[in-house]
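Hi everyone, thanks for making time this morning. Let me put the model up on the screen, and then we can walk through it together.

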Amino acid sequence: DLLCKDELTKEEEDTVKKIAKETLTKLKSKKLKIERWRESTQIRAQVKTMINDNLWYLPKARYRDEEVKDKSIVVYQHIYSNYYGGGASIYNSFAA
């Protein structure tokens, strides 16, 4: 929902959903498994970078560079607020 836009085609929407799912899966399998990841400046920076790197694959025709940067910040803030580390999140515990 954080990445979707009204004017996306079905194909673009599918691409956005795929990127969102892949990004979250990568984060869950690596960085978000670390206990208290939010307390580490290095891990926080790695999470931000991973999110930003993945969002550059959003459809170029619909997402300007500035918008990708803004969306990266919004997604990071969501991850920071809702995924506590060690597999715990506001949603539930997740496994690798």
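Let's start with Ile79: beyond its neighbours within four places in sequence, Ile79 is in contact with Leu24, Leu27, Leu32, Trp37, Val47 and Ile51. Contact here means heavy atoms within 4.5 Å.

A quick word on where this comes from: it is a predicted model, with local features needing pLDDT of at least 70 and side-chain atom pairs counted only at pLDDT 80 or more, while totals for chains, interfaces and linings use all residues. Residues are numbered from 1 along each chain as its sequence is written, and side-chain values use heavy atoms, with hydrogens and water left out.

Back to Ile79, which is among the residues with the most contacts inside the largest nonpolar core, a group of 19 residues. By nonpolar core I mean buried Ala, Val, Leu, Ile, Met, Phe, Trp, Tyr and Cys residues joined through side-chain atoms within 4.5 Å. Buried is under 20% relative accessible area, exposed is over 50%, and partly exposed is in between, using a 1.4 Å probe and protein chains only. Two or more core residues come from each of α1 (10-29), α2 (41-55) and α3 (65-82), and α2 gives the largest share, five residues. Helices (H or I, at least four residues) and strands (E, at least two) are DSSP runs numbered from the N terminus.

Now the charges. How many salt bridges does a search of the whole structure find? Nine, where a salt bridge is a side-chain nitrogen of Lys or Arg within 4 Å of a carboxyl oxygen of Asp or Glu.

One of them pairs Glu67 with Lys5, with the closest N and O atoms 2.9 Å apart. Glu67 is in helix α3 and Lys5 in the segment before α1, so this pair ties together parts 62 residues apart in sequence. Are these two buried or exposed? Both Glu67 and Lys5 are buried.

For contrast, look at Arg36 and Glu39: they form a salt bridge at 3.2 Å between the closest N and O atoms, and both residues are exposed. Salt bridges that share partners also join Lys5, Glu7, Arg64 and Glu67 into one network.

Within helix α1, Lys17 and Glu13 are four residues apart, so about one helical turn separates them. Their side chains meet in a salt bridge at 3.3 Å, N to O. Lys17 counts as partly exposed because its relative accessible area is 38%, and Glu13 is partly exposed too, at 26%.

That's my tour; happy to take questions!
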